[in-house]
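The following paragraphs lead the reader through one protein structure, step by step. Please keep the sequence and the 3D view at hand while reading.

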Amino acid sequence: QVQLVESGGGLVQAGGSLRLSCAASGSIFSFNTMGWYRQAPGKQRELVAATTTGGSTNYADSVSGRFTFSRDNAKNTVYLQMNSLKPEDTAVYYCNAKRMVLYTTRDYWGQGTQVTVSS
């Protein structure tokens, strides 16, 4: 079974930084894409940053220039470096991995980690 375990969330003041980690149970090479989503209270889950099958990374406009997606293949771990945090970044952040199997895409999710940015 694929498992994604997140860590690194917490409380931070506006303008501060956090780094989220997502450790995968298997090789991250087995996933076609990996990324981060977030869900704030009363809002739908939205894309924050994710790789594409072409090897690039897409960022939400709201985080572009502030957040950086990275990976450590040896540790089977991906990261989300969050700088210049704003109160509107407050949300539960979820690690996501997608695997193409035949004609379907299988989605895997972490348990979520809370990020709270105080003003």
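Predicted model: local features only at pLDDT ≥ 70, side-chain atom pairs only at ≥ 80, totals over all residues.

A residue is called buried when its relative accessible area is under 20%.

Strands of a sheet pair through backbone hydrogen bonds, either parallel or antiparallel. Here, four strands make up an open sheet, with the order 1-3-8-7 and antiparallel pairing. Strand 1 (4-7) and strand 7 (67-72) are the edge strands, each pairing on one side only. From one strand to the next, the twist averages 20°. Strand 1 and strand 3 (residues 18-24) run antiparallel and are joined by four bridges. Leu-4, for instance, has Ala-24 in strand 3 as its bridge partner.

The structure holds one disulfide, which joins Cys-22 to Cys-95 with an S to S distance of 2.0 Å. The link is left-handed, with -80° about the S-S bond. Cys-22 lies in strand 3 and Cys-95 in strand 9 (residues 91-101), so that the pair, 73 residues apart, links distant parts of the chain. Are these two cysteines buried or exposed? Cys-22 counts as buried because its relative accessibility is 0%. Cys-95 is likewise buried, because its relative accessible area is 0%.

Finally, attention turns to empty space. Rolling a probe the size of a water molecule over the atoms shows where such space is left. The largest pocket contains about 150 Å³. Its lining includes Arg-38, Lys-43, Glu-88 and Asp-89. By type, the lining residues comprise one nonpolar, four polar and seven charged.

Conventions. Residues numbered from 1 in each chain as written. Heavy atoms only, no water. Pairing = 2+ DSSP bridges. Helix = DSSP H or I, 4+ residues; strand = E, 2+ residues; numbered from the N terminus. Axes fitted to C-alpha atoms, helices over the stretch in contact; angles between N-to-C directions. 1 Å grid on protein atoms, 1.4 Å probe; cavity = no way out; pocket = protein on both sides within 12 Å on 5 of 7 lines; lining within 4 Å. Points joined across faces, edges and corners; volume = space filled by probe spheres on them. Nonpolar A, V, L, I, M, F, W, Y, C, P; charged D, E, K, R; others polar. Disulfide = S-S within 2.5 Å. Buried < 20%, exposed > 50% of the residue type's maximum accessible area, 1.4 Å probe, protein only.
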